[in-house]
Amino acid sequence: MKKLLYICSFLAILFSSCQMEELPEATASVKDVFGSENGMKTYSYSFYNMLPSGTNAYEMDAMADYGGVNNLNAFIREGAYSAENSTGWDWGNLRNVNYFIENAQKANVTDAVKNNYLGIARFFRAYFYLDKLTRFGEVPWIDHPLQVTEDDILYGQRDSRTVIIDHIIEDLDFAYQNVTAATSDGSLITKWTALGLKTRAALYEASFRKYHTELSLANTADKYYQYVVDAATELMKKGPYTIYNGSGPQASQRQLFISDKPVTSEVMLAVVLSKDLAVLGDANWWWTSATYGPRYSLVRPFMNTILNRDGTPYTSRAGYKTETFYQECQDRDFRLSQLIRTPGYTRNGSAAPPNFASYSYTGYQPIKYTLDDGYYDNGGYNTNSLPLMRYAEVLLNFAEAKAELGTLTNEDWSKSIGELRKRAGVTGGLTEKPTVADTYLQQTFFPGITDPVILEIRRERQVELALEGFRFDDLKRWKRGELMATLEWSGIYVPALNALMDLDQDGVFDVVFYDGAQSGPTIEVPKGCAKIPIGGKSTNYLTLTADKHLEWFKSQTRTWYPDGRQYYYPIPAPAIVKNKNLTQNPGW
């Protein structure tokens, strides 16, 4: 809970970016901060403002190929996004960190204390630059405090991605070696979160270099894959983390997202909320509201990749295309029922099937971040902590890097992918690498990948980390951005219109779909049963596919430009105008 206290610390007054520019170094306030460990600690809390908060940490996958929403993001709409409305070219957080790093060199504390807080600061500088690298690619590397004029940004050039990623790695190595905290309540940086972020950063860079052959950097990818392996191995051998299994296969993974206190046996970093401190979130509101959130609905091609419980592909089931919602939810990897509303899910003691009346477009309604009491649905009332880094991610990073290097053994598979699947109740394929490629996964998502091991690791990543903010960056680094425009936003099977459907087979009819050209269903509909039009009005974007699956937003074109410009965001136009040395990203 210590992280929460920084919001009311004196730094809110003394060290906003503007005030730092106005305070000379010799003032008493600077001496107070850098003259004691307590002052440095309090300052370091200001860095946590960079992290997602209780009001957005649950929506980091808001734009993803596998999520149908009520309004397309401008970034994937033809002509809707440009340098004129681009954002993210902001440097205030970097100024804050670099100011601390420079002044901490002169701090009146022991070297161990000084280096501890320098390690925390350099962790956050790496975090800042990883965000810039994944968003813009090449950016200026700045390692000193910016002045009022920000000359380095206004007139400097972009540094190569090699300069940026190598500095990120260097900062994280320093953080690992010097941060003294090895445990926390989940809200604060430790030496292990530095290693975790190193695996994340190095994996992004390695795969971006490998699959973006236009950069002519593929021959350097293995260097960064090895960074992933080395950092993950160190963490796996010496770190305090494990895969949490304390709530059994049907509930353990979701418990990580609905627990008030972070489950620190697996959660390495989290946004911690507190009713007592009036620091609350609004995840329930966003994920259940017809108007506040985007009515995020997972899509069938993604749902089809969640395994059967025996470890075989769901799409190997005979007739899977025409299974009812109830049927398709049976005998599946338990992460399915921890990700979406499935038969048997209840809220406030009552059955709660997918809510077609005011939320779901496809029938696959997420529950990963929501509490099961409707009390939390209509405002900022959530108290559950929100994981930002999990040991599960480190295992996935490890497995992917080793597979790409061609060094993944059965033992490696067992202690990474096998552990995650075992936690989810999967019984087959836990100890040996796969030898046969799943053709559905390959054809639908990754047609350029023939290695069954890499395919399965990618499956595991998208299932285990669903909705946690990794998907768009994963598609970018794998050079599969086209999925943002081409993946079918389809849903459950609808055998016939004007037919009452009992989605969870509890004896109560939940929904009836009817021809939207008609005024309503042609059959009598019991009270409480949702009546949903299919097609009809031009503003009704819910239709049926040729094989009778719901389909959302088919008439709304999603765009991924053939020139690949969307693998980077454009640098905002004002920055280009001010700096003649700053070049724009290709295509923008």
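**Pockets, strands and rings**

Let's start with the second largest pocket, whose lining divides into nine nonpolar, seven polar and seven charged residues. Here Ala, Val, Leu, Ile, Met, Phe, Trp, Tyr, Cys and Pro count as nonpolar, Asp, Glu, Lys and Arg as charged, and the others, Gly among them, as polar. A pocket, on a 1 Å grid over the protein atoms alone, is an open set of points where a 1.4 Å probe fits, with protein on both sides within 12 Å along at least five of seven lines; lining residues have an atom within 4 Å of a point.

Before going on, a word on what you're looking at: this is a predicted model, where local features need pLDDT of at least 70, side-chain atom pairs count only at pLDDT 80 or more, and totals for chains, interfaces and linings use all residues. Residues are numbered from 1 along each chain as its sequence is written, and side-chain values use heavy atoms, with hydrogens and water left out.

Back to the second largest pocket, which has a volume of about 400 Å³. Volume here is the space filled by probe spheres set on the grid points, which are joined across faces, edges and corners. Q250, F334, S337, Q338 and T342 come closest to its centre, out of 23 lining residues. Two elements give two or more residues to this lining, α12 (252-258) and α16 (335-339). Helices (H or I, at least four residues) and strands (E, at least two) are DSSP runs, numbered from the N terminus.

Now for the largest pocket, with about 1,400 Å³ of space. It is lined by 42 residues, and M60, D131, T134, G469 and D473 are the closest to its centre. At least two lining residues each come from α7 (111-136), α10 (191-211), β6 (386-390) and α21 (471-477). The top contributor is α7, which gives eight residues. Sorted by class, the lining of the largest pocket has 20 nonpolar, nine polar and 13 charged residues.

On to the strands. Strand β8 (residues 511-515) has four of its five residues buried (under 20% relative accessible area, with exposed over 50% and partly exposed in between; 1.4 Å probe, protein chains only), so β8 is largely enclosed by the rest of the structure. β8 pairs with strand β9 (residues 530-534) in the parallel sense over five bridges; two strands pair if DSSP finds at least two bridges between them. Within this pairing, F513 has I532 in β9 as its bridge partner.

Elsewhere, three strands make an open antiparallel sheet in the order β7-β11-β10. Since β7 (490-493) and β10 (542-544) stand at the edges with a single partner strand each, one side of each is left without a neighbour in the sheet. β10 and β11 (residues 549-552) pair in the antiparallel sense over three bridges, and T543 stands opposite E551 in β11.

Finally, the rings. Those of Phe, Tyr and Trp (its six-membered ring) pair if their centres lie within 6.5 Å; planes under 30 degrees apart count as stacked, over 60 as edge-to-face and the rest as tilted. By this rule there are 49 aromatic pairs. One of them is W286 with W287, edge-to-face at 4.8 Å centre to centre and 80° between the planes, and both W286 and W287 are buried. In Y375 and Y376 the ring centres are 5.0 Å apart and the planes at 80°, so this pair is edge-to-face. Y375 is partly exposed at 47% relative accessibility, whereas Y376 is buried at 19%. Ring pairs also link F34, Y43, F47, Y48, Y99, F100, F123 and F124 into a cluster.
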